Amino acid sequence: MRSDWTGKEAFSQSGSALQLTEDLSLEWRDTAGAPPARADFIFYQGRPVIRIATSPGQGWIRLHLKVKPENKPALGARFVMLPLHAEKRAIVKPFVAVTNLRTRHRTDLAAAPGARMPLERGYWYDIAGAFLCKRMDRKHRMDILVDVPRDAQFLLAECAYDWFDGDLDAGTRQSVKREEALPLSSFAPRPVGDLGAHLASPPVYAISVRADRQQLAGGALTRADSLYWSVHDTGLSGAIRREGDAQFGGFQASDAGIGAVFGRELGDSQLLKVSQAEGEGHPLWMAEPGAAEITKTPVSEHLRIRTCKIKGHELLVEGEAVHPVYPGMPVRVELRIGVTAIASALANPPSSGSLPGAGSSCQFAFRLPLRPHQRDRLVVVAFEDFRTLTAVASWPLDRPVDTRGFELETAPPAMPADATVAGEVETFGPQDVTGWAVCEEQPDAPVELVLKLGETPFAYTRTRFYRKEAQTRYGGWGFCGFKFELPPNMAPLEEVRLSVVPIGAAGGLVNGSILLPAPEGRVDRATMDAPRRVEPRGAAEPGTTISVVVLNRDGADLLDAMFRSCAEGDLSDRTEWIIVDHGSVDGSEDVCREHAKGGATIRFLPRGRNDSFSASNNFGARQASGSILVFANNDLVFTEGFGDRVRSHLSAASSGVVGARLLDHVGADAGLRIDQHLGVFLDRRTTEEGLIRPYEARNGSETDAQAPATRCIAVTGAFLAMRRANFLRVGGFDEAYVYGLEDVDLCLRVRRDLGLNVICANDIVIAHHRGYSRQKTALTGVRIGRNAEVFTSRWGASIRRLARATRLTDPALVAGARPVVAFLSDADDGAVMARELGAALQRQVACHVRHIPESGWTDLAGVDIAIVLTERFDLRKVGNAGPWLTLVRWMWAPGEDAADVDAFDHVFVTSTAGAAQLERTVGRRVQVLPAAASQRALTTAAARNEWVCDYCLTGVSFR
């Protein structure tokens with residue numbers, strides 16, 4: 001059976017399935033709201049194909065091929081498809097199941113398990129396999145299913161299945177009866193070159209070949225009248241005749257035999273190929289003449305190439321292997337270009353591969369530079385120590401199909417003008433605010449939201465997370481969850497109201513507002529600003545050229561918007577744009593070419609692969625000619641010219657890195673101005689694993705957005721400028737990081753190695769989309785965690801020293817907020833002295849002062865320096881404190897309990913004699929800090945007759 005959808009115009013939906021043909025349907029897990037998949041007919045090279053688009057979200061979506069039973073033991077099936085659009089490689093998983101026609105219960109067959117297969121976007125694949133099947137009664141049916149990815153699009157050109165007759169030996173018959181299905185050749189993807197020629201030939205579901213230097217023989221499960229053999233790079237070729245039966249281990253297939261005589265003896269190391277069509281690039285089988293077959297019952301494919309592609313100037317080959325003698329043991333494989341071995345590698349477990357007995361599979365990977373003459377050569381992988389066994393080969397995937405004309409527009413709908421929004425704020429936490437919001441009239445329309453700090457817009461986000469409970473209630477795809485990430489320097493020291501408000505819609509959110517209380521105890525806010533403001537910059541150096549390096553992958557629309565927003569001067573001959581492209585197929589190069597026609601210097605450098613932020617920016621910097629480098633995201637919208645201001649800021653000898661003031665890109669209300677980035681700082685808190693967390697500061701009481709520029713510990717790589725010479729001196733971006741923290745690491749090295757400032761230029765204002773459409777994968781958390789581990793291992797100790805050393809001398813430089821000094825004292829004896837010392841400190845240093853009552857001593861979150869004036873404080877009971885906390889003990893006399901003084905960073909005693917005595921007792925340095933108080937504070941009371949005396953002893957020295 002081969003699919004035939006000629007003449008069909010639409011697909012009918014029944015429940016949670018679309019019926020594509022009589023035997024083929026597209027199904028999904030039952031869900032409320034809109035279907036998570038849609039399909040339509042389009043024409044590809046004049047041939048009708050089905051275009052399928054799946055929505056983001058959870059739950060399976062799969063193709064379901066219902067197989068009509070026949071009284072034959074072998075079943076072959078194939079699907080021909082092309083991934084159109086996905087943020088990553090499309091993962092499909094074909095498998096075999098049995099359906100009970102009465103109960104509709106479906107059982108996956110353990111003996112023929114499915115395997116996850118990554119497919120590269122822009123390439124056609126033939127996914128074929130064959131199985132020995134138990135004869136089905138009237139109550140059951142054999143089914144072939146293919147799980148397809150969410151948030152993806154692909155074309156389906158054909159699905160087909162065929163039954164094949166033959167005889168099973170006794171042992172195989174018993175195994176099939178017990179397991180219901182056994183793999184003859186498990187499903188595997190094979191790239192397709194010419195789709196029309198490929199579909200013109202009947203499918204080949206399985207093949208087994210034996211060959212010597214004079215002839216080949218074997219079997220193939222196919223309806224094709226003939227196959228073709230050829231010897232690579234020799235011009236020798238011919239037809240393979242069909243003759244007699246073929247033995248596939250315990251299965252003797254009727255009329256499946258194949259054979260051919262070469263006419264001349266083949267030489268050593270020549271590569272023999274068997275192909276479905278004459279001249280086809282990707283062979284069905286390949287080996288050196290004389291190689292023995294591996295196939296047993298079931299066919300045990302010991303070696304498989306999963307990925308073979310060219311990215312830029314590198315060849316990437318990945319696959320899996322099973323040791324021919326000791327399954328599960330590592331085995332060495334070699335990579336050849338044609339007949340020349342160029343590398344070897346050890347295939348190691350584990351691998352959850354697609355080979356039979358995947359538990360024994362090992363994985364291998366090669367990544368090598370490719371010379372020009374090797375680009376169109378056959379790639380071969382073979383066992384290094386088992387040369388008599390079959391090797392596998394593939395033409396490398398190089399130039400993908402241009403899919404722009406076939407992709408379905410998937411932009412979400414917009415909210416109507418009179419929209420009503422419902423939803424709920426579920427958490428107002430110290431690090432984030434979360435909840436859900438949905439447009440009642442159009443549930444799939446993203447809802448834009450603003451977080452207000454008091455009456456001031458503070459942060460922006462929009463709904464994008466899946467929420468099942470909201471989907472059940474309102475329908476749609478259910479992506480209505482939101483999350484505001486709160487910068488640590490927002491933490492208020494006074495009572496403040498936080499509110500979440502939808503933009504451009506009526507209605508409000510349940511629990512949409514909360515009054516955050518001030519911290520416990522008395523709070524004296526800082527009266528001085530942090531000295532981070534940068535002096536006015538100098539004049540821009542005339543003739544200074546700028547090279548802007550932009551990484552891009554399928555960002556044609558973003559690039560177009562970015563170039564259109566540029567001022568005329570930033571597209572002049574004083575600025576060159578270097579677009580490092582990561583394998584775009586959406587016309588990004590055409591956009592750059594079009595804008596270059598207006599006189600801009602734009603160089604489009606295709607890199608082929610989606611490399612890391614560090615590696616590709618370093619690559620772009622090596623191609624740059626400007627004396628100033630600007631690293632910029634492709635999702636920026638410039639509000640005014642930036643070039644001259646960058647030149648001006650970098651003309652100051654003390655400036656090492658310049659960042660920009662980034663605004664949230666608000667779609668619903670362009671007049672709403674919300675700061676997104678005013679520099680990068682380091683959170684006082686660490687993760688549970690002790691990892692440091694950098695963050696981007698927003699506009700609040702701890703930032704100075706009105707200053708032309710402010711110093712900070714780092715700036716984001718979304719817009720980062722520095723002199724090219726300095727970039728080279730510090731070694732560029734560290735390629736140990738993968739999309740995370742490489743910008744912060746670079747800024748820290750500029751400070752440490754060159755002694756230069758990192759500044760955020762608030763007069764360079766840019767709107768930033770911030771990648772709300774970027775998809776997170778299962779590996780995103782792993783990548784973030786690994787980057788944090790690398791960063792903390794390199795900078796943890798030095799950052800802790802820097803934070804402590806600059807806390808009072810350069811307040812807010814590291815943490816982005818003026819330090820909080822807390823006093824823990826008895827209500828009677830130490831309270832007055834603590835208040836006076838705090839006030840005196842604030843006259844000298846930009847800091848906040850808290851006086852914490854005894855009920856709050858166990859929670860020192862947000863405190864930078866804690867000064868303890870009482871022996872009742874028990875450090876062991878503190879359950880919440882930052883890793884950079886400095887503990888100070890100020891003792892009245894050495895007679896107090898001094899058992900825990902070693903836990904404090906500094907120890908002071910009010911008298912010289914007491915300090916010397918305590919120092920002898922505990923064996924550590926103890927300093928003298930005399931008790932003192934303000935005379936003004938003690939003389940504010942009105943005179944009373946009963947206080948009249950000749951002498952007044954206060955116990956405090958007034959100076």
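Modeller: A residue is called buried when its relative accessible area is under 20%, exposed when it is over 50%, and partly exposed in between, using a 1.4 Å probe and protein chains only. This is a predicted model, in which local features need pLDDT of at least 70 and side-chain atom pairs count only at pLDDT 80 or more, while totals for chains, interfaces and linings use all residues. Residues are numbered from 1 along each chain as its sequence is written, and side-chain values use heavy atoms, with hydrogens and water left out.

With a relative accessible area of 0%, Cys362 is buried. A disulfide is a pair of cysteine sulfur atoms within 2.5 Å, and the structure contains 0 of them. Cys712 accordingly takes part in no disulfide, the nearest cysteine sulfur being that of Cys760, 5.6 Å away. Cys712 is likewise buried, at 1% relative accessible area.

Let us now turn to the serine. Ser565 belongs to helix α4, which covers residues 556-565; helices are DSSP runs of H or I with at least four residues, strands are runs of E with at least two, and both are numbered from the N terminus. Ser565 counts as buried because its relative accessibility is 17%. Its side chain reaches the backbone oxygen of Met562 at 2.7 Å. Contact means heavy atoms within 4.5 Å; apart from neighbours within four places in sequence, Ser565 is in contact with Leu636, Val637 and Phe638.

How values were computed:
Polar contact = N/O pair within 3.5 Å; in protein donor to acceptor, adjacent residues only side chain to side chain.
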